[in-house]
Amino acid sequence: MSNLYFTEEHNLFRESLREFLKKEVVPHIDKWEETGHIERFIWKKFGDMGYFGLATPEAYGGLDLDLFYTVIFLEEMQRINSGGFAAAMWAHAYLAMTHLNKEGNHEQKEKYLTPSALGDAIGCLCITEPFGGSDVAGMRTTAVKKGDTYVINGSKTFITNGVYSDYLVVAAKTSPELGNKGISIFVMDRDTPGISATKLDKLGWRASDTGEIAFDNVVIPASNLMGDEGQGFPYIMQHFALERLIMGVNSHARAEYALEYAKQYMSERTAFGRTIDKFQALRHTYADCETQMEICKQFNYYVAKRLDMGDYVVKEATMSKLQSTKMADDVIYQCLQFLGGYGYMEEYPLARMSRDSRLGPIGGGTSEILKEIIAKMVIDNKDYKPAT
């Protein structure tokens, strides 16, 4: 473990988290993958252990720890081989809760952030729309001010925790004529009349509930506005850096676990009188994979360090997601190949892992969109400013 970034306390946290996941989560994973429903008791256990509050202020039930505790949380969650379970947990803790922490006022934090940290309430973040995809500025969901309320109409899709969560953090246009300058962020309870959700059937991430959500004349108090009206776009952009880094870290951790598994398998599997890890073609391919993984991992740690220091790392975090998700796809594809026919069998971990990994270059901004964002920054010298 790199001492550049991890202290003895970090390492002890990793050990205890790994033990917790092995004991409390792993025995249930196959059932949750099959049903697509993560039972409520595990959310409460995560909350009781403080895992949802790693980056949350102590005043709201959190631990307010440095970002490398989050890195460890993400890495260990990939090792239990359920991209869907991991996504449900980090989408709650780092998408919904991040917006609450940064844009919520004291009352909103007390109502939603504290129970979220304690595992008593589950949140989701609703930005992506059926017609918009990665084009946040093109969203069509509207929030019209009427007296001391807002009326929300529209729809969202591909929302992790979109079906079973207790509250929703929703982006909507309060001034559609202003384009991306007319977006605002709201928090609302799941049981508000007019909110409905449909569960989507996915290739991978089977354990998580990914929903399409409709808002039909949903009336919420004006006090449910988070932050300033019209500031939603910069708020979203500001947090995309963390989301992209999370997906980068997930990717190197997933690839590292696949490589560990493949190495063990290759040391035991024999062909033509020797273990297959003695064949040069496989050894050199493995060496390539390990190199690609390690380069991404070290870059991701560097970006995490800078983000933790308060640097605005939108370019580097975008590069992290772009490169790491591609690497993980390539490495896991190759690890499945190392297993031969067994790699294609559901009882071996690479089948699920390859399905789950494929979401990497798609979710949280497609690789094609990320390349354009990077191009704007490095060719056109565009400077994405943090929200004030």
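Reader: Thanks! Where does Phe272 lie?

Author: A word on the model first: it is predicted, so to speak of local features a pLDDT of at least 70 is needed and side-chain atom pairs count only at pLDDT 80 or more, while totals for chains, interfaces and linings use all residues. Residues are numbered from 1 along each chain as its sequence is written, and side-chain values use heavy atoms, leaving out hydrogens and water. Helices (H or I, at least four residues) and strands (E, at least two) are DSSP runs numbered from the N terminus. With that in hand, you will find Phe272 in the loop between strand S9 (270–271) and strand S10 (274–275).

Reader: Is Phe272 buried or exposed?

Author: The words have cut-offs: buried is under 20% relative accessible area, exposed is over 50%, and partly exposed is in between, using a 1.4 Å probe and protein chains only. Phe272 has a relative accessibility of 80%, so it counts as exposed.

Reader: What is the phi of Phe272?

Author: Here is some background: most residues other than glycine have a negative phi. Phe272 is not a glycine, yet its phi is positive, at about 55°.

Reader: What relative accessible area does Asn381 have?

Author: You can look for Asn381 in the segment after helix H10 (367–378). Asn381 is not a glycine either, and its phi is positive, at about 60°. Asn381 is exposed, because its relative accessible area is 64%.

Reader: With which residues is Glu24 in contact, leaving aside its neighbours within four places in sequence?

Author: Glu24 sits in helix H1 (residues 8–35), and it is buried because its relative accessible area is 15%. Its side chain makes a polar contact with the side chain of Lys23 at 3.0 Å; a polar contact is a pair of N or O atoms within 3.5 Å, where within protein one must be able to donate a hydrogen and the other to accept it, and residues adjacent in sequence count only if both atoms are side-chain atoms. For plain contact, the rule is heavy atoms within 4.5 Å. Leaving aside those sequence neighbours, the residues in contact with Glu24 are Ile42 and Lys45.

Reader: How many residues of domain 3 are in contact with domain 2?

Author: The protein is divided into domain 1 (8–122), domain 2 (125–230) and domain 3 (233–379), with bounds from an automatic or database domain assignment. Taken over C-alpha atoms, the centres of domain 2 and domain 3 are 30 Å apart. On the domain 2 side of the contact there are 15 residues, and on the domain 3 side there are eleven.

Reader: What is the volume of the largest cavity?

Author: On a 1 Å grid over the protein atoms alone, a cavity is a set of points where a 1.4 Å probe fits but cannot get out; a pocket is an open set with protein on both sides within 12 Å along at least five of seven lines, and lining residues have an atom within 4 Å of a point. Grid points are joined across faces, edges and corners, and a volume is the space filled by probe spheres set on the points. The structure holds six cavities of 30 Å³ or more. The largest cavity has a volume of about 80 Å³.

Reader: Which element gives the largest share of the lining of the largest cavity?

Author: Its lining includes Trp90, Met247 and Asp356. Helix H4 (83–103) and helix H6 (232–268) are the elements that give two or more residues. By class there are four nonpolar, five polar and two charged residues; Ala, Val, Leu, Ile, Met, Phe, Trp, Tyr, Cys and Pro count as nonpolar, Asp, Glu, Lys and Arg as charged, and the others, Gly among them, as polar. The largest share, four residues, comes from H6.

Reader: Which domains does the largest cavity lie between, and why?

Author: Look at who supplies the lining. Two domains both give residues to it, so the largest cavity lies between domain 1 (8–122) and domain 3 (233–379).

Reader: How many residues does H6 give to the lining of the second largest cavity?

Author: The second largest cavity has a volume of about 70 Å³, and among its lining residues are Tyr94, His99 and Phe240. The elements that give two or more residues are H4 and H6. By class, the lining has seven nonpolar, three polar and one charged residues. H6 gives the most, and its number of residues is five.

Reader: Which element gives the largest share of the lining of the second largest pocket?

Author: The second largest pocket has a volume of about 580 Å³. Of its 22 lining residues, those closest to its centre include Leu67, Lys102 and Leu307. Helix H3 (67–78), H4, H6 and helix H7 (280–308) give two or more residues each. The largest share, six residues, comes from H4.
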